[in-house]
Amino acid sequence: MEKRREGRERGMLLDGVRDSMPVYVKELLAGGVAGGFAKTMVAPLERVKILFQTRKAEFQSIGLLGSFRKIAKTEGLLGFYRGNGASVARIVPYAALHYMAYEQYRRWIILSFPDIRRGPVLDLIAGSFAGGTAVLFTYPLDLVRTKLAYQVVGSTKLHMKGIVHAEQAYRGILDCFSKTYREAGLRGLYRGGVMFSAPSLYGIFPYSGLKFYFYEEMKRHVPEEHKKDVTVKLACGSVAGLLGQTFTYPLDVVRRQMQVQRLSAANSGDVKGTMATLASIARTQGWKQLFSGLSINYLKVVPSVAIGFTGYDIMKSWLQVPARDDDLIEVVTNKRNGQPSSLHS
């Protein structure tokens with residue numbers, strides 16, 4: 001009896017905390033949880049994809065299964081999760097900001113331009129700006145994740161003459177941050193990124209926008225009785241991620257290669273910009289290299305985006321976030337009546 005009463009009290013306390021949260025905080029929490037869970041589920045494929053993009057000679061020649069066997073043999077099970085700590089540390093704030101910014105940009109556009117049509121174009125614009133906003137704040141963590149994932153224990157390439165470090169260059173997230181900052185300052189933390197060469201923004205703007213565009217557009221065509229079906233949400237998210245990634249993948253390859261330039265002796269003295277790197281890859285490695293790892297990325301993107309969108313919707317439901325149309329009606333009504341809205345409380 002006592003345990004039951006304590007359980008009810010804890011439940012009431014949790015409900016009270018949940019009800020007291022502003023909507024934007026609920027959206028941050030929902031996005032962060034969904035992003036972290038989805039990223040961890042596909043971490044092994046992400047590791048192999050990065051190695052395909054940046055270590056062409058070592059891994060493309062042995063194929064997907066061979067790459068898995070090589071990592072398992074030289075690094076063990078934990079090798080598949082090398083860099084995943086930095087990846088999750090990045091994706092949680094990134095996903096939280098991404099989803100919350102999307103909702104906020106969408107509300108702001110509708111409130112600022114009441115005559116704008118609700119539809120895929122609105123989702124495209126809001127999603128694009130949300131992706132740009134999120135990457136501005138979290139890019140250094142993506143750089144660290146890539147550098148850690150690039151390292152291969154026992155790789156012959158790491159012992160060749162001229163390589164900057166004869167053994168693993170970085171021993172962890174903080175060590176990577178520290179060494180990168182000492183080598184190149186703030187600019188080094190944004191190499192291949194938004195402030196100086198911008199492949200991340202070139203890629204993230206269309207990718208984020210297209211991802212939300214396809215996901216929301218597909219959901220609009222789902223019958224009302226199936227809208228809450230998890231399987232349907234997973235299917236919509238899978239297709240949205242796959243289509244969005246296909247159109248923007250070459251810029252992802254450029255970004256990865258720019259991030260690891262300083263780990264390669266051949267490039268350490270000649271750091272190129274976005275378009276120069278794109279042209280160099282096409283000229284020296286062939287245009288097919290711009291799509292290197294795309295098949296693996298499909299295997300990763302399908303479950304990752306699907307789990308991300310579905311997890312976000314489930315978390316929003318559990319946190320009792322108002323439906324988009326409902327909360328906008330509340331904002332507009334309160335605005336006309338001169339009353340504050342719970343969205344910004």
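A disulfide is a pair of cysteine sulfur atoms within 2.5 Å. This definition is needed in the first exercise below, and all exercises concern a predicted model.

**Exercise 1. Cysteines**

Task: State how many disulfides the model contains by this rule, and decide whether Cys-176 and Cys-236 are buried or exposed.

Solution. 
Step 1. A disulfide is a covalent bond between the sulfur atoms of two cysteines.
Step 2. Applying the distance rule gives a count of zero disulfides.
Step 3. A residue is buried when its relative accessible area is under 20%. Cys-176 has a relative accessible area of 0% and is therefore buried. Cys-236, at 4% relative accessibility, also counts as buried.

**Exercise 2. Overall composition**

Task: Describe the secondary structure of the protein, the share of its residues that is buried, and the share of contacts that join residues at least 24 apart.

Solution. 
Step 1. The protein has 13 helices and zero strands. Read from the N terminus, the order of elements is α-α-α-α-α-α-α-α-α-α-α-α-α.
Step 2. Of the 345 residues, 50% are buried.
Step 3. Consider the contacts between residues at least 6 apart in sequence: 76% of these contacts join residues at least 24 apart.

**Exercise 3. Confidence**

Task: Identify where the confidence of the prediction is highest and where it is lowest, and name stretches with pLDDT below 50.

Solution. 
Step 1. The average pLDDT of the protein is 77, and 76% of the residues score at least 70.
Step 2. Among the elements, helix H2 (residues 23-41) has the highest confidence, at 93, while H13 has the lowest, at a mean of 56.
Step 3. The pLDDT is below 50 over residues 156-167, a stretch with 17 contacts in the model beyond near neighbours in sequence. Residues 341-345 likewise stay under 50, and the model gives them 12 contacts beyond four places in sequence.
Step 4. Where pLDDT is low, the predicted coordinates should not be read in detail.

**Exercise 4. The packing of H2**

Solution. 
Step 1. The axes of H2 and H6 are 7 Å apart and form an angle of about 140°.
Step 2. The axes of H2 and H12 are 8 Å apart, and the packing angle is about 150°.
Step 3. On the H2 side they include Glu-27, Ala-30, Gly-31 and Phe-37, and on the H12 side they include Ser-304, Gly-308, Gly-311 and Tyr-312.

**Exercise 5. Two buried helix residues**

Task: Locate Ala-86 and Thr-180, classify their accessibility, and list their contacts beyond four places in sequence.

Solution. 
Step 1. Ala-86 belongs to helix H6. Its relative accessible area is 1%, so Ala-86 is buried.
Step 2. Apart from its neighbours within four places in sequence, Ala-86 touches Leu-141, Val-144, Arg-145, Leu-148 and Ile-173.
Step 3. Thr-180 is placed in helix H8 (residues 173-189). At 2% relative accessibility, Thr-180 is classed as buried.
Step 4. With neighbours within four places set aside, Thr-180 is in contact with Leu-143, Lys-147, Tyr-170, Gly-185, Gly-188 and Leu-189.

**Exercise 6. Residues in loops**

Task: For Gln-151, Gly-273 and Gln-320, name the loop, and classify the accessibility of each residue.

Solution. 
Step 1. Gln-151 lies in the loop between helix H7 (120-150) and H8. With 3% relative accessibility, Gln-151 counts as buried. Gln-151 and Ala-169 are 18 residues apart in sequence, with their C-alpha atoms 7.6 Å apart in space.
Step 2. Gly-273 is in the loop between helix H10 (230-259) and helix H11 (274-284). Its relative accessibility of 33% makes Gly-273 partly exposed. The C-alpha atoms of Gly-273 and Met-258, 15 residues apart along the chain, are separated by 7.9 Å.
Step 3. Gln-320 is in the loop between helix H12 (294-318) and helix H13 (324-337). At 45% relative accessibility, Gln-320 is partly exposed. Although Gln-320 is not a glycine, it has a positive phi of about 60°.

Key
Residues are numbered from 1 along each chain as its sequence is written. This is a predicted model: local features need pLDDT of at least 70, side-chain atom pairs count only at pLDDT 80 or more; totals for chains, interfaces and linings use all residues. Side-chain values use heavy atoms; hydrogens and water are left out. Helices (H or I, at least four residues) and strands (E, at least two) are DSSP runs, numbered from the N terminus. Buried means under 20% relative accessible area, exposed over 50%, partly exposed in between (1.4 Å probe, protein chains only). pLDDT is the predictor's confidence in each residue, from 0 to 100. Contact means heavy atoms within 4.5 Å. Axes are lines fitted to C-alpha atoms, for helices over the stretch in contact, and angles run from 0 to 180 degrees between N-to-C directions.
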